[in-house]
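User: I would like to go through the labels used for this structure and see what each of them rests on. Please set the value against the cut-off each time.

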Amino acid sequence: MQRREAIKILATGTILQLASPGMMALMREARAVAASPSAPRTLSAHQFETVKAMAEMIIPRTDTPGATDVGTADFIDLILTEWYDEPDRSRFLTGLHEVDTHCQALFVKDLVEASAAQRAEVLTALGEKTEELMEQKRDHAQPPDAPPDQSEPFYRMFRRLTLTAYYTSEDGATKELNFEIIPERHDFCAEIQPAPARQENQ
Amino acid sequence: MKNEIAGTFYDAIVIGSGMTGGWAAKELTEAGLKTLVLEAGRPIVPEQDYVEHVPAWEMKFRGLGDRQKNLSDQPIQSLCYACDEWSAKFFVSDKDNPYTQTPGKPFRWIRGRQVGGRSIMWARQSYRWSDLDFEANLHDGNGSDWPIRYADLAPWYEHVEDFVGISGEALGLPQLPDSHFLPPMQFTCAEKVVREAIAKHFGGERVLTIGRSAVLTQSHNGRAACHYCGPCERGCITRSYFSSVNATLPAAEKTGRLTLRPYSVVHSLMFDAATRRVTGVRVIDATPNPKVSEKARPVLEFRGRIVFLCASALESVRILFNSATPEFPNGLANSSGELGRNLMDHLMGAGARGTIAGNEDRIELGRRPNGIYIPRFRNVKTRQPEFVRGYGFQGGGYREGWQRGIEQSGFGPEFKKAISRPGPWRFELYGFGECLPNRNNFVELDKQTTDIWGVPVLKISCAWGENEMAIRKDMTITAAEMLAAAGARDIEVFVEDNPPGFAIHEMGTARMGRDPRTSVLNPNNQAHDVKNLFISDGGCMVSSSCVNPSLTYMALTARACDHAISELKKNNL
């Protein structure tokens, strides 16, 4: 009932936040420009492909879109360029380089040339190494007045950006999480309904 | 500089258009007074400025915020959870609006300068005080005694609640009187579990209830019920939560007696030593104009019969400091020397979290803009040896989202499927504690530093005391205790080391009292020294209670307006 009322109010407003066709078209255009394959600003072409491959390994396309479909590498390039400060940026790029170093040591090729199984092996090792690193950070006795070390290891940064890019994208939010801007109904202790069959061609 | 006398003569001038300014505007105009409301910031047009339905994918940084801009323009404001990529525009620029602090005593001053003030981004929690609060200073000797009691304010709570619309559950607790409630919001599954466990294990002394919230659960006074989209701090096109923009200012507008003037930075008040009255307000015209630098703006004078300061506890005091006269060299209406003293906030952010097993087949549908509340239980019936006063818990139970996948190591189709589903039910108890009034927590004018308009800024000197630290420690213990009683797993206690100010409940800088020698305001929010000057924002508070203060500010404002109107009728002002 509230939803219907909200939509009614929106529909009678002078400027529409949701439904104005002009505005939506403008936003779509802006998105298209943002998502267009303009050259990345911080990542090199090789780095960009590496990021894309890793992100797609973490969130692959299944019956719903994957990391590549929603432009995850573009978002990561934006964050590297306009959001991170220099220490974050260099920690990220060093970590990304080490992925290739590790892949070379194991398979004598860069990640982008590796097979899916080889990529999986690299990511598994990276996950284990990161967990060890986090454990060391936790256990490492710090003098009580030392500022906490808040720098995230590379793979945590990478996962944070990848999952954020995916789940906050329109496809990730609406197709994967069934996110509704105005919820159809509210019930804070609701039984899970069987998922409706996904419609591939929508 | 020659000032310009602007506009006509007003019956009343209200400084500030937020939580209390909106109420003063409504009450004064509805009583027939021609009222000018001065707002330092820009106008707000809900259809343009509210952004609660803009999804993350339309935002450049997908909700992470513009970090570099935050660091340069809003390093303090952006620490606040509500100052996100959408709503950062409702918070001030720290660059343009500086303040200074005593070294070693950090204070976080979170501010909004626009029509609506912070009522646009407030957290909407609304609780009545009780006599446990009003008598606290008298009983334990901290601060000075409140000049009013619950009975004085109860009718005014009703008056504002009936207009605002507060959803909640009646409990009949003496320490937390019930409001006139709209139906309560529902609990989540985990909240039901913890509520039952607390009722079972803590014998009625501790109670878990739904947050009492100024969010409508049914349509009310022409405003629509909440549609549970979630982020109220970005605005509300259906006007379902209370703000001055959504409710009180439109009501004042309807009378035809309101003049609302945005871009009006109040510099100071004008005082006539012969009549011992304020005669009006000096305003810096802050209308955007790239041709005139901010420090060379015209100063306008507005005249009125009475002045209501509703600019917030700190801004109102700053205006009075900047209004010093030969008779009041330390700030207008400050013969007591108490102006700027006894600054309080709430001690916020200690408690515990845990995981509540069960209900894995159930989820939350919709985003409830409200949590749970556990009313104060310390020093209510029994005496706690370690500290005086008490605290309440906010918080709630929710299913974890995809963010949990960041700290995991999995990847691939199975991982994607797993983290796209709701995670375990988590539960958090987050304490809000009472802060004692203390003369040594104070603000003064820093004449060396000015804001973008050239107005001297405040220097803040405020720190928690021993009682607050003891309360903080107890919060972690009782929170963990309650989670353990509810069978929670992985219980972790936490203490956020939040400096004063961060609860955004700053108050007490112009306290009420019976004695003009020890208080700034009389029991009707009227300055002892200047009869036609009223302060009804958080400045008037004599103690802080542990509950969120806005409802009390609103009730005090309506009550002060009623007094001002009757004094005007008697020609006493």
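Analyst: The turns below take the helix packing, the contact between the chains, a sheet and a single loop residue. The model is a predicted one.

User: What is the secondary structure of chain A, and in what pattern does it run?

Analyst: Chain A has 8 helices and 1 strand. Along the sequence the pattern is α-α-α-α-α-α-α-α-β. Of the 202 residues in chain A, 30% are buried. Among contacts in chain A with a separation of 6 or more, 60% join residues 24 or more positions apart.

User: What makes H4(A) mostly covered?

Analyst: The count of buried residues: 9 of the 11 residues in H4(A) are buried. A residue is buried if 20 or more other C-beta atoms lie within 10 Å of its own. The buried residues of H4(A) are Thr72(A), Ala73(A), Asp74(A), Phe75(A), Ile76(A), Asp77(A), Leu78(A), Ile79(A) and Leu80(A).

User: Which residues of H5(A) and H6(A) meet?

Analyst: On H5(A) they are Val99(A), His102(A), Cys103(A), Leu106(A) and Phe107(A). On H6(A) they are Gln118(A), Glu121(A), Val122(A), Ala125(A) and Leu126(A). The contact of H5(A) with H6(A) divides into 7 nonpolar, 2 polar and 1 charged.

User: How many residues of chain B are in contact with chain A, and which elements give two or more of them?

Analyst: 43 residues of chain B are in contact with 47 residues of chain A. On the chain B side, the elements giving two or more residues are helix H2 (46–49), helix H3 (67–73), helix H7 (189–201), strand S12 (362–365) and helix H10 (413–420). S12(B) gives the most, with 4 residues. The chain B side divides into 20 nonpolar, 13 polar and 10 charged residues.

User: How do you know that strand S1 of chain A and S12(B) pair?

Analyst: Strands pair if DSSP finds at least two bridges between them. Strand S1 (residues 187–191) of chain A and S12(B) have 3 bridges, in the antiparallel sense. Asp187(A) stands opposite Leu365(B) in S12(B).

User: What makes the pairing in the sheet S3-S17-S16 of chain B mixed?

Analyst: This open sheet of 3 strands holds pairs of both senses. S3(B) and S17(B) pair in the parallel sense over 2 bridges, while S16(B) and S17(B) pair in the antiparallel sense over 6 bridges. In S17(B), Ile460(B) is the bridge partner of Gln101(B) and also stands opposite Val443(B). Glu444(B) has Lys459(B) as its bridge partner in S17(B).

User: Why do S3 and S16 of chain B stand at the edges?

Analyst: Strand S3 (100–101) and strand S16 (442–450) of chain B each have a single partner strand, so one side of each has no neighbour in the sheet. S16(B) and S17(B) also form a hairpin with 5 residues between them, and Gly454(B) in the turn has a positive phi of about 85°.

User: Is Arg439(B) buried or exposed, and why?

Analyst: Arg439(B) has 11 other C-beta atoms within 10 Å. Exposed means 12 or fewer, so Arg439(B) is exposed. Arg439(B) lies in the loop between strand S15 (425–433) and S16 of chain B. Leaving aside neighbours within four places in sequence, Arg439(B) is in contact with Arg341(B) and Asn342(B). The C-alpha atoms of Arg439(B) and Arg341(B) are separated by 5.2 Å, with the two residues 98 residues apart along the chain.

Notes: Residues are numbered from 1 along each chain as its sequence is written. Chains are lettered from A and ligands numbered from 1 in the order in which they are written. This is a predicted model: local features need pLDDT of at least 70, side-chain atom pairs count only at pLDDT 80 or more; totals for chains, interfaces and linings use all residues. Two residues are in contact if their C-beta atoms, placed from the backbone, lie within 7 Å. Ala, Val, Leu, Ile, Met, Phe, Trp, Tyr, Cys and Pro count as nonpolar, Asp, Glu, Lys and Arg as charged, and the others, Gly among them, as polar.
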